[in-house]
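Please keep the structure in view while reading.

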Amino acid sequence: MDTMTQETRLPADIDAQPVVQAAAALRPVLRRYQAEIEREQRLPPALVEQLRAAGFYRMVIPRALGGLQADPLTYLRVVELLAEGVGSVGWNLANNGIAQLVTLGLPDGGVHEIHGDGVSVIAGTAVQGGGQAVPVEGGYRVSGRWTFGSGCQESAWMLGSFQILDDGQPRRRPDGGSLFWRGVFPRAEAQVIPGSWDVAGLRGTGSFDWTVQDVFLPEQRTVPHIGVPLDNQWSRWPGLTYALPSQAWVGPHHSAVITGIARAGIDALIALACEKTPRGRTGMLCESPQVQDAVGRADAILNAGRVYRGAMIAELWNTIAAGGETTLEQRARCRLASTHAADCAREAMDLVYRHGGSTSFKRESRLAECWRDLHVVGQTVTVAPEWYPIGGRALLGMDPGSRLR
């Protein structure tokens, strides 16, 4: 099969892709690091090197820059499998991929500065706000504080958003609206705020607040926001991967984290049920019809959501591969499918947690770990319930707002 054919077709068997197989093989290794990840609130350097060697930090980078140029379903499956191992690992790799896509929209000099070796670990956020900048020759002087710096302990670069001040006033769009830029800072120029990530789950993401103070940011490491929340400014790169709308990536990336954690939760109940005899009973937990029902229902619920999500992403891919343009309704369904898959994961996790009995609330149990991590992922705005009315307005022929354009 030639390169062009490969580029226009999604893999027939996602799980057969080498990078996906590498993620599946790494799951038991992640379990050995779990306690350290939770305690230290970061991915250990030795683990980061293994993730780097496996290619996980260059999945969405173009082949021209030494990356794998993975399609979204392959990328999402890797994220999902890593989240099965440890939720925080899946989260950080998911966010790294989106940050890499954002930075592919930088001027050429910035792209090659950041991605010159094909491997770039990027933390921070693409969400608007957090910093202010003053124009200077060759760039800007930037100060600011940003939240949710997931992966900041292992990253080489930090992504943050800022407004430019002219005579003390923020620059505005022609319509008078707020205008923001994104900038990429070397990690060494950022200060992480200790104690700013005190949370119930996903502690290992190290999503601390971070600041820069009067740092010079060269023009080549900046790119303007054009829309909300992300635009595929990376579309100048050749290949179908970079022609996809942002809805094929943003939303699905966190949805894959939560479905991976839910899969681990179901497997945790299955393992527990086959070894636990509940107090006061003579039969094992797996002999309970209620537990059997919960496992069956949870598996069906979770996989129904996963299949819908994959189908909607594939529809976007196939539309572009056929030379067409995606419709607002297709993009809406892709975001709806991502949120629905997350809600399916939540429902499945609550089912298996309930039927784990007293084991479920013991802090050291796998069910407790999965429940905590999953419900933190479920609170993120990318899979929030507000996406249902946004999608509904699109399907009703109404204006869904800028977040779906």
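On a 1 Å grid over the protein atoms alone, a cavity is a set of points where a 1.4 Å probe fits but cannot get out. A volume is the space filled by probe spheres set on the points, with grid points joined across faces, edges and corners. The largest cavity has a volume of about 40 Å³. By this rule there are three cavities of 30 Å³ or more.

The model is predicted, so local features need pLDDT of at least 70 and side-chain atom pairs count only at pLDDT 80 or more, while totals for chains, interfaces and linings use all residues. Residues are numbered from 1 along each chain as its sequence is written, and side-chain values use heavy atoms, with hydrogens and water left out.

**Voids**

Lining residues have an atom within 4 Å of a point. For the largest cavity they are Tyr57, Asn92, Asn96, Val121, Ile122, Ser150, Gly151 and Glu154. By class, this lining has three nonpolar, four polar and one charged residues. Here Ala, Val, Leu, Ile, Met, Phe, Trp, Tyr, Cys and Pro count as nonpolar, Asp, Glu, Lys and Arg as charged, and the others, Gly among them, as polar.

A pocket is an open set of points with protein on both sides within 12 Å along at least five of seven lines. The largest pocket has a volume of about 880 Å³. It is lined by 38 residues, and Thr125, Val127, Thr380, Val381 and Thr382 are the closest to its centre. The lining divides into 18 nonpolar, 16 polar and four charged residues. At least two lining residues come from each of α5, β1 (122–124), β3 (139–146) and α7. Helix α5 gives the most, with four residues. Helices (H or I, at least four residues) and strands (E, at least two) are DSSP runs, numbered from the N terminus.

**Helix packing**

Axes are lines fitted to C-alpha atoms, for helices over the stretch in contact, and angles run from 0 to 180 degrees between N-to-C directions.

| Helix pair | Angle | Axis distance |
|---|---|---|
| α5 (87–103) and α7 (252–273) | about 165° | 9 Å apart |
| α7 and α10 (366–377) | roughly 160° | within 9 Å |
| α2 (18–40) and α4 (72–85) | roughly 15° | within 8 Å |

A crossing is left-handed if the near helix is turned anticlockwise from the far one by less than a right angle, and right-handed if clockwise. Contact means heavy atoms within 4.5 Å.

The crossing of α5 and α7 is right-handed. On α5, the contact uses Gly87, Gly90, Trp91, Ala94, Asn95 and Ile98; on α7, it uses His253, His254, Val257 and Ile261. These residues divide into five nonpolar, five polar and no charged.

Helix α7 passes α10 in a left-handed crossing. Residues of α7 in this contact include His254, Val257 and Ile261, and those of α10 include Arg366, Cys370 and Asp373. The contact has twelve nonpolar, two polar and two charged residues.

Helix α2 passes α4 in a right-handed crossing. Among the residues that meet are Val19, Ala23, Arg27 and Arg31 of α2, and Arg77, Val78, Leu81 and Glu84 of α4. By class, this contact has nine nonpolar, two polar and four charged residues.
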